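Subject: Handing over the structure

Hi,

Here is the structure I promised to pass on to you. Have a look at it first, and then read on for what turned up.

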Amino acid sequence: MSIYAFDFKDTDALLIGLSQFGTGGGGDPEWGRKILDKDKSKGRICQLIDPEDVEDDAFVCSGGIMGSVKALEKLSYQDIVDGWEDDFVLIKAFREMERVMGRKLDYIIPFEAGGLNTPVIMTLAARMGIPMINGDAVGRSAPETQMTSFIGLGLSLTPMPLVDHLGNKIVVMESLEATYADEIGRFVVTKGGGLGGNAHYPMNGADLKRCCVPNIVTDAIAYGKAVLDARDRKTDPVDAFIKSCGGIKLFQGVITDIIAEDALGFYLTRVKVKGEGDFKERYLETVIKNETMAVWIDGEIRTIFPDIAFILNPESGEGLMSAGLEIGQPIVFVGKPCHERMQEALKSSVGAKAFSGARYGCPNLAYVPF
């Protein structure tokens, strides 16, 4: 078994890569920075392990912070991180998972790759003294708890303990519908200060290796280092990112219209972009539910969740947050296929329903691979 420690020298690169994986959501990387800086100052160490090194009979679960990206803007990141030294919602949620399952956790895996939801699991693992899996359940950020490789490949989302920002605690023990637990969680979070922590998908090591999307931490660091290197060499950081991730440049332009609302724990947005440069006289439209879910160019569908539509700052190469998008803002879209395990998850009836376009206002949109 190979367990290794996260090197804080990679913080900048990691957060750049996670901002890209966020696809508009996943939490603000600046919040992630405050988490990692706090851990460094406290001498905490996040141990990492690659999925293939996990024992088949190990007890693992995933989890993360649940909340609306817009609601979280109203909270002070530093105050929350400082408060976690005495009262950490995720530890409460994961201890509750251990109580319900009657077993101590051996490993934790992030629900998604994002600027907040990966560092917050890193600090959770460090505080609990157990390693974190170098992987996740999506290969990017996703707006809903059931939108994972896990659920489409036969794992149960429940039991799902949830503790909100005010201290309320519930456990969703079973759900007949794949979307039920997330919907209950969003209601609780909306009533509980706009923020909560949950634990879910209890599994053994064999199922983890069969179902997870691997290498998310090391991939994020590699993407971030490519961007930082391009900046040092004064070359295009977006081009460097595309080469590093193996993606395709879909579009570049300026945002001309944003129709947005914050509803039931989500930031729902339709964004229109007018092309520039090689994309002059062309138009893009995207629907965002915290994260980019679908992209049309000149009326033709180009990417559908869970395939990835990265949204980037063309100057820095970093990912943009959906809640911070503004009319007149330059933006670049980069497309990439999702991991093969996500594609496999879509083939099941529960996976197809969990990822359905109906979840983001496009009920007639059927998945077509990128």
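Predicted model: local features only at pLDDT ≥ 70, side-chain atom pairs only at ≥ 80, totals over all residues.

Most residues other than glycine have a negative phi, and most peptide bonds are trans. Against that background, a few places are worth a visit. Thr 23 has a phi near 45°, which is positive although the residue is not glycine. With a relative accessibility of 0%, Thr 23 counts as buried. Asn 290 is another non-glycine residue with a positive phi, here near 65°. You will find Asn 290 in the loop that runs between strand 13 (283-289) and strand 14 (291-297). Asn 290 is buried too, at 4% relative accessibility.

Which peptide bonds are cis? One leads from Thr 158 to Pro 159, with omega near 5°, and another joins Phe 305 and Pro 306, with omega of about 15°. Pro 159 belongs to the loop between helix 7 (149-152) and strand 7 (160-164). Pro 306 is in the loop between strand 15 (300-304) and strand 16 (308-312).

**Helix 5 and its partner**

Two packed helices are described by the angle between their axes and the distance between the axes. For helix 5 (residues 89-101) and helix 6 (residues 119-128), the angle is about 65° and the axes are 10 Å apart. Their crossing is right-handed. From helix 5, the residues making the contact are Leu 90, Ile 91, Phe 94, Arg 95 and Glu 98, and from helix 6 they are Val 120, Ile 121, Leu 124, Arg 127 and Met 128. Sorted by class, this contact has seven nonpolar and three charged residues, and no polar ones.

Two of the charged residues named there, Arg 95 and Glu 98, also form a salt bridge with each other, with the closest N and O atoms 2.9 Å apart. Arg 95 and Glu 98 are three residues apart in helix 5, so about one helical turn separates them. Arg 95 counts as partly exposed at 34% relative accessibility, whereas Glu 98 is buried at 7%.

Glu 96 is in helix 5 as well, and this residue is buried, with a relative accessible area of 8%. Leaving aside residues up to four places away in sequence, Glu 96 touches Pro 161, Lys 169 and Val 171.

Side chains of opposite charge can pair when their charged atoms come close. How many salt bridges are there? The count comes to 25. One of them brings together the side chains of Asp 10 and Lys 225, at 3.5 Å from N to O. Asp 10 is in the loop between strand 1 (3-5) and helix 1 (11-21), while Lys 225 is in helix 10 (residues 216-233), so this pair ties together parts that are 215 residues apart in sequence. Asp 10 is buried, at 17% relative accessibility, and Lys 225 is partly exposed, with a relative accessible area of 44%.

Lys 38 and Asp 82 form another salt bridge, their closest N and O atoms being 2.9 Å apart. Since Lys 38 lies in helix 2 (residues 29-42) and Asp 82 in helix 4 (residues 77-83), the pair ties together parts 44 residues apart in sequence. Here Lys 38 is buried, with a relative accessible area of 17%, and Asp 82 is partly exposed at 32%.

There is also a network of salt bridges that links Asp 39, Arg 44, Glu 85 and Arg 127.

What caps the N-terminal end of helix 11? Asp 236 does, with a side-chain oxygen 2.8 Å from the backbone nitrogen of Val 238. Within helix 11 (residues 237-245), the buried residues include Pro 237, Val 238, Ala 240, Phe 241, Ile 242 and Cys 245. Just after this helix comes Gly 246, with a positive phi of about 75°.

Enjoy exploring, and write back whenever you like.

Best wishes

Definitions and conventions
Residues numbered from 1 in each chain as written. Heavy atoms only, no water. Buried < 20%, exposed > 50% of the residue type's maximum accessible area, 1.4 Å probe, protein only. Helix = DSSP H or I, 4+ residues; strand = E, 2+ residues; numbered from the N terminus. Polar contact = N/O pair within 3.5 Å; in protein donor to acceptor, adjacent residues only side chain to side chain. Axes fitted to C-alpha atoms, helices over the stretch in contact; angles between N-to-C directions. Left-handed = near helix turned anticlockwise from the far one by under 90°. Contact = heavy atoms within 4.5 Å. Nonpolar A, V, L, I, M, F, W, Y, C, P; charged D, E, K, R; others polar. Salt bridge = Lys/Arg side-chain N within 4 Å of Asp/Glu carboxyl O.
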